[in-house]
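Subject: Structure handover

Hi,

Here is the structure for you to look at. Please open it first, then read my notes below.

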Amino acid sequence: MTVNDDLDRTLADWFEAESEAGRPATGIERVFAITSRRRPRTAWLAGPGSRWVGRAFGTRTISDRPIGLGLGLRLATVVVLLLLGVAIIGGVMFVGGRVSPLPKPGGQTGRLAYVLDGAVFLADQDGGNPVRISGSTATGQACGGAGIEGPLWSPDGQYLAYRQGSGPDCTPTVHISDMDGNAVSSFPAEGWQVAWAPDSRRVATWGKVFKAFEVHGVDGELQADIPLPDGYGVYGDYDPIWSGDGESLMIRMRHDPGAQPSEFWLLPLDGGPARRFSVQAPKNCCLSYSPDRALVAYVAFSTDRLPGSLVVGPADAPSTARTVASDISLASIGRPIWSPAGDLVAVTTGSINDAGTEWTYGLQIVDIATGRLTSLRSGQATEPARALAFSPDGERTLFNEVGADGMSSLWSVSVDGTGAPRQIVAGATWGEWQPTAR
């Protein structure tokens, strides 16, 4: 699981867009020429989760004792206790709104989950006090490495989901743990990301890459098996996305064979027919729902004008989406990241040089109401930076960045662009702060 996976998705979108244009590819030809010279992934990656897909959790009676005073005392005691119980219950009901809730297990919220050297860690929000919860790259445990390539936490912050096991002799497995890292369930599944349902009690993933999806409960039980419609194919390392109402899965696909561009389609969990999810511009990498599932956002681009535009629209009427901000740069890398309040979106942008050795990248915050852009980070590196998550209070953004030494690390920066970025975890490639239950 590397930053290259998001780049693969973006480049696949570019190539598809250019193939439909019927004109010289100009800048995209250069990107194609560069990427076509990239060496294929090594054999242990050329299984499930790769663009080179292979086959790849005793009593006394009343006659035994005196009657009278003794019985009277007992009755009085019972009456007093009943009155006391009523008073306590009534008091709790009266002041219930002011009683502080019990702390969550572990006594912490907003913790950081991240991947480092093939292992998943839980740590304080600033990266302190890390504890490994799964994964291993130790000698003799080649299938133990864990990875993540999308949201780890369930929307309510109560569970974590990640994938473990890669290679020709390994079985890719999805693992679900509670918020403290304790194992809850696991089940074999292919693909890349693990998609959390809006209710935080189900996950979706490829059961068989490019063939069928599976929906599992938190307990690991299979709840639905959803094949792709006959004659349709998925072209790119795309994973399922949950619809806003949690009743369907969404995927970018197109009729095969055919020259039509890939579009987002909804596949109902109840087995109903697939239907097109109308989006103004289907030539984009990744679509993302707002925290309340009321809005969708994506960065769209066309062959006529490569700089992207952030598009936001109602989830139940995406055809009415509007452009919030233009000139998002050459391309968006990965999905837009929403703030907890749904008022800001973080986007990562990038362009590659002629030699294919260096990216010019940028990390920007878009105000949904005004379209105002705030630049948080920019620079050159062998891989672009990438926005990953907002802090629970919405004040900071988590991102990863590759340094001059070629090592990727996690950083955070204030969303208003003030202050210097802070390094959170050196060497980590992916992370996410625990969301606050809504």
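A residue is called buried when its relative accessible area is under 20%, and exposed when that area is over 50%. Keep those cut-offs in mind. Also note that this is a predicted model.

Start with β27, residues 408-414. How many of its residues are buried? The count is 7 of 7, so by the under 20% cut-off the strand is mostly covered. In a regular strand, side chains alternate between the two faces of the sheet. Look for that here. S408, L410, S412 and S414 point one way from β27. S409, W411 and V413 point the other way. Both sets are buried.

Strands of a sheet pair through backbone hydrogen bonds, either parallel or antiparallel. Which sense does β27 use with β26? Strand β26 (residues 396-402) and β27 run antiparallel, joined by 7 bridges. E401 stands opposite S409 in β27. The two strands form a hairpin, with 5 residues between them. In the turn, G406 has a positive phi of about 80 degrees.

β27 also pairs with β28 (residues 422-425). This pairing is antiparallel too, over 3 bridges. Here L410 stands opposite V425 in β28.

Now find A420, in the loop between β27 and β28. Is A420 buried or exposed? Its relative accessibility is 60%, so A420 counts as exposed. R377 is 43 residues from A420 along the chain, and their C-alpha atoms are separated by 9.8 Å.

**A sheet of four strands**

Next is an open sheet of 4 strands, in the order β3-β2-β1-β29, with antiparallel pairing. Its edge strands are β3 (131-134) and β29 (430-433), and each pairs on one side only. Neighbouring strands of this sheet are turned by 25 degrees against each other on average, direction ignored. Strand β2 (residues 119-123) is joined to β3 by 3 bridges. L122 stands opposite V131 in β3.

**Arginine R202**

Last, go to R202 in strand β9 (residues 202-208). R202 counts as buried because its relative accessibility is 15%. Its contacts include W196, H216, W242 and L269. What does its side chain meet in polar contacts? One partner is the side chain of D199, at 3.0 Å. Another is the backbone oxygen of G246, which lies 3.3 Å from a polar atom of the R202 side chain. R202 and G246 are 44 residues apart in sequence, and 9.5 Å apart in space, C-alpha to C-alpha.

Best wishes

Technical notes: Residues numbered from 1 in each chain as written. Predicted model: local features only at pLDDT ≥ 70, side-chain atom pairs only at ≥ 80, totals over all residues. Heavy atoms only, no water. Buried < 20%, exposed > 50% of the residue type's maximum accessible area, 1.4 Å probe, protein only. Pairing = 2+ DSSP bridges. Axes fitted to C-alpha atoms, helices over the stretch in contact; angles between N-to-C directions. Contact = heavy atoms within 4.5 Å. Polar contact = N/O pair within 3.5 Å; in protein donor to acceptor, adjacent residues only side chain to side chain. Lists of a residue's contacts leave out its neighbours within four places in sequence.
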